[in-house]
Structure formats: C-alpha cells, structure tokens
Amino acid sequence: MSVIENLEPKLLWKYFDDVRKIPRCSKHEEKIREYLVNFAKEQKLDYKTDKPGNVVITKPASPGMEDKPIVILQSHMDMVCEKNSDVEHDFSKDPIKLKIKGDILLADGTTLGADDGIGVATSLAILEDRTLKHGPIEALFTVDEETGLTGAFALESDMLSGKIMLNIDSEDFGILTVGCAGGGDTKIKLPIKKESIDKNLIGLSIKISGLRGGHSGVDIHEQRANAIKLLSRILWKTSQNHEFYLFDIKGGDKHNAIPRESYAKVCLDSNDKDKFLSDIKSEEKTILAEVKSIDPKFKVNVESIDNPNSALTKESKISLGSVKEPTLTLLDSKGETKEIKIAEKLEKGKYNIEIESASRIAAKAVEMIQKDLDDPNSDEKPAYRTDQEWEKQLKSSLNWP
Ligand SMILES: [Zn+2]
C-alpha cells in the first residue's frame with residue numbers, strides 16, 4: 001500500500017501515485033505518453049499528439065459553462081532523474097519509492113519527480129472529475145522540459161486553441177504561474193541620415209534620471225517608469241510645437257533591466273529656447289504626477305551643449321518618432337524597451353538607430369511603423385495616444401485575450 005493512498009484530495013494523489021511509477025526521465029517519455037493517451041481513451045476525452053511527443057487532452061465545458069474561454073493547463077511529463085550513489089535504482093524501470101516525513105512527501109534516495117509529476121496529476125484529476133464546474137479545458141503535457149524546453153519550443157501550432165494558460169510547474173509552494181517575463185528579443189535597425197545644420201542653432205541635452213529601474217521581468221508589474229519611454233514621450237510632445245533637430249539619443253544598458261536613465265541631444269533656434277524649456281518643464285510635471293507613487297525621484301535635466309554641426313534629417317527624426325506615433329512609445333507599450341542608441345559604427349556612411357526590446361509586441365510595432373513610413377499620408381494628424389490605448393490596439397491586432 002502506498003503511503004499517499006489516503007491523502008486528500010484522493011483523485012490527485014491517485015494520479016501522482018500512477019505517475020511516480022512510470023519511468024519518465026527527460027527525452028525518455030514514451031511510457032508516460034502512452035499512459036496519457038490511454039487515460040484519454042478510457043475517459044473518452046479527445047486527445048492530440050505532435051511530432052516532438054507533446055500531448056493535449058481536451059475536456060468539454062461542464063453544462064452551462066460552454067461560453068467560457070478555453071483554459072490551457074500546462075505541465076511537463078519528464079523529470080530530473082538523480083539518485084544518491086549508495087542507492088540501487090534504475091530510472092528506466094523502477095517506480096520512485098516514497099516516504100513521508102511529518103507532512104512532507106519525499107522520495108527515498110532519488111529525485112521525487114514532483115516537478116512536474118504533481119502538475120501532471122493535477123491536470124489528470126481535473127480531467128477526470130465530472131463534479132467540477134469549468135469552461136473548456138485543454139490539458140497540455142509537454143516533453144523534455146528539464147533539458148531545454150525542447151517540447152514546448154517545438155509544440156505544433158494546431159495543438160492548442162486556448163489563449164489563457166495556467167502553467168502548473170511553479171518554483172514556490174502555493175504559487176500558480178499565469179504569466180511569464182518571457183525572453184524573446186527583438187532587434188530593430190532603423191536607417192537614419194544626417195545633414196549639416198545652421199551653426200547658429202543652440203544645442204541642448206535633455207536627460208532623464210532618478211528612476212528606480214529594476215529587473216525587466218521581476219519588477220515590471222510595479223509599473224516602474226522606463227526612461228526611454230518617458231524620453232520618447234517628451235520628445236514627441238515638444239515636437240508638436242517646436243522645430244528641433246535630434247542629433248543623439250541613448251538610454252538603457254542591460255538586457256534585463258528597466259532603463260533608469262536616458263538622454264537626447266537636440267538643437268533649435270535660440271528664440272525658441274525659453275518656450276521649449278518651459279514645455280519640457282510642464283511635461284516633466286505631468287509625468288511626475290503620474291509616476292510619483294512609484295518613481296518619486298524622476299527628473300529631467302536640460303543643459304546647454306555645443307552645436308554639433310550635423311543632426312538627423314527631419315525624415316530620420318520622423319522615422320524615429322514614427323509618423324503618427326513616437327516609435328519608442330509604440331515599441332514600449334509593454335514597458336520593455338531595453339536599449340536605444342545611435343550606433344557608433346557607420347555602415348558605409350549610414351548611421352543606424354538600434355532599438356532592443358523584449359516584447360513580442362515590438363515586432364508588430366515595427367510592422368506598423370513600416371506601414372507609416374510607406375504611406376505617411378495615410379492619416380492626417382498625429383495623435384498622442386496613451387499606453388493603455390496602444391496596448392489595447394496592439395493586443396487586438398495580435399488577437400490576444
Ligand atoms: Zn518543472
């Protein structure tokens with residue numbers, strides 16, 4: 001008799017007990033896959049498998065819940081197979097031996113495979129239990145999570161139709177992972193041109209500082225301000241009422257950090273300087289009111305600098321600010337733009353603006369900028385939209401929930 005037979009909830013532990021008996025080291029998931037397929041057949045549930053070996057079992061909504069969105073429950077079939085050197089255990093056929101110490105379930109001299117055996121057992125219990133009230137369920141079981149997520153990466157596109165996914169493979173007890181910082185990178189190169197400018201224009205550097213920064217994954221939900229995004233906003237706002245040239249821009253420096261500082265260098269007619277400065281001040285005040293509770297030390301410094309003699313052409317400034325929207329704000333609707341700079345290296349006399357972003361939205365944004373550039377007259381007047389509006393629009397164009 002197994003030590004977990006009488007644990008509650010019974011159904012969950014019944015399946016954990018099944019799963020722990022099945023060999024399932026990473027890249028050797030044949031037996032557990034067979035078990036899952038048999039389970040689906042016995043339960044009269046539809047299932048799909050794909051080439052990499054992933055399995056999806058679908059369960060229809062309980063009565064009255066048919067209009068609810070599909071929820072994907074994700075777990076992985078494989079486990080890390082490790083044992084103490086003095087333990088006799090063959091992972092290719094032996095069941096994991098269990099013991100209970102106090103109220104903690106342990107394996108005897110080997111890894112337990114609770115990662116992610118408990119996730120698999122949870123999904124199976126939900127699939128079997130007909131007393132639960134829920135919308136349609138897609139239970140996804142991936143292969144080879146532990147040695148590189150190769151199953152998840154190669155998941156075939158017709159395996160799932162749900163858009164909400166609960167990953168049942170968390171590090172911390174009691175935590176259900178419903179989102180992820182993600183790791184996709186988008187590198188964008190916008191070609192720019194420079195031209196020589198009037199020697200009488202005055203140079204100004206606009207610098208943003210005082211932000212908290214932090215990890216772009218772990219701290220992003222706190223709505224910490226992004227220096228690139230705020231700089232872009234200030235440039236965009238001021239460009240509505242001032243003619244200025246942009247000749248340098250830089251912000252952010254780490255792959256996984258929310259940008260804390262940024263600067264832009266511009267030049268403009270000296271007669272316009274005072275109004276330009278007061279417009280920046282007023283935008284600074286507006287921004288501070290928005291970010292004060294999270295980033296109270298936000299500030300904008302403007303200093304006089306030398307006129308550089310050359311700057312981005314108007315068209316290039318436009319491509320950076322996009323025609324209808326500031327590119328950076330657009331890219332940054334998720335607060336994830338990490339780095340921007342005018343590349344120091346000249347490629348055949350051409351500069352590039354390099355923008356790095358972690359967001360999938362960024363790729364979509366670039367597509368939209370490109371459209372703007374192809375047809376600058378497609379819309380009459382630029383309109384400043386809030387991030388929330390952008391996010392909504394981008395999400396709907398990406399068909400996100
Ligand atoms: Zn895991």
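Among the contacts in the protein with a separation of 6 or more, 76% are accounted for by residues 24 or more positions apart. The model in which these contacts are counted is a predicted one, and its chain of 401 residues, of which 32% count as buried, contains ten helices and 16 strands.

One part of this fold to follow is an open sheet of five strands, arranged in the order 1-2-6-3-7 with mixed pairing. Its edges are strand 1 (46–49) and strand 7 (164–167), each of which pairs on one side only, and neighbouring strands of the sheet are turned against each other by 20 degrees on average when direction is ignored. Strands of a sheet pair through backbone hydrogen bonds, in either a parallel or an antiparallel sense. Strand 3 and strand 7 take the parallel sense, over four bridges, and Val71 stands opposite Ile164 in strand 7.

Helix 2 packs on this sheet, where it touches strand 1, strand 2 and strand 6, and its direction makes about 20 degrees with that of strand 2. Helix 3, in turn, lies across strand 2, strand 3 and strand 6, and runs at about 145 degrees to strand 3.

Helix 3 covers residues 114–128, and its 15 residues reach 20 Å from the first C-alpha to the last, close to the 21 Å expected at 1.5 Å a residue. Its buried residues include Asp116, the run of Gly117, Ile118, Gly119 and Val120, and also Leu124 and Leu127. What covers the buried residues of helix 3 includes helix 1 (10–20) and helix 2 (30–42), together with strand 2 (55–59), strand 3 (71–76) and strand 6 (137–142).

Definitions and conventions. Residues are numbered from 1 along each chain as its sequence is written. This is a predicted model: local features need pLDDT of at least 70, side-chain atom pairs count only at pLDDT 80 or more; totals for chains, interfaces and linings use all residues. Helices (H or I, at least four residues) and strands (E, at least two) are DSSP runs, numbered from the N terminus. A residue is buried if 20 or more other C-beta atoms lie within 10 Å of its own, exposed if 12 or fewer, and partly exposed in between; C-beta atoms are placed from the backbone. Two residues are in contact if their C-beta atoms, placed from the backbone, lie within 7 Å. The expected span of a helix is 1.5 Å times one less than its number of residues. Two strands pair if DSSP finds at least two bridges between them. Axes are lines fitted to C-alpha atoms, for helices over the stretch in contact, and angles run from 0 to 180 degrees between N-to-C directions.
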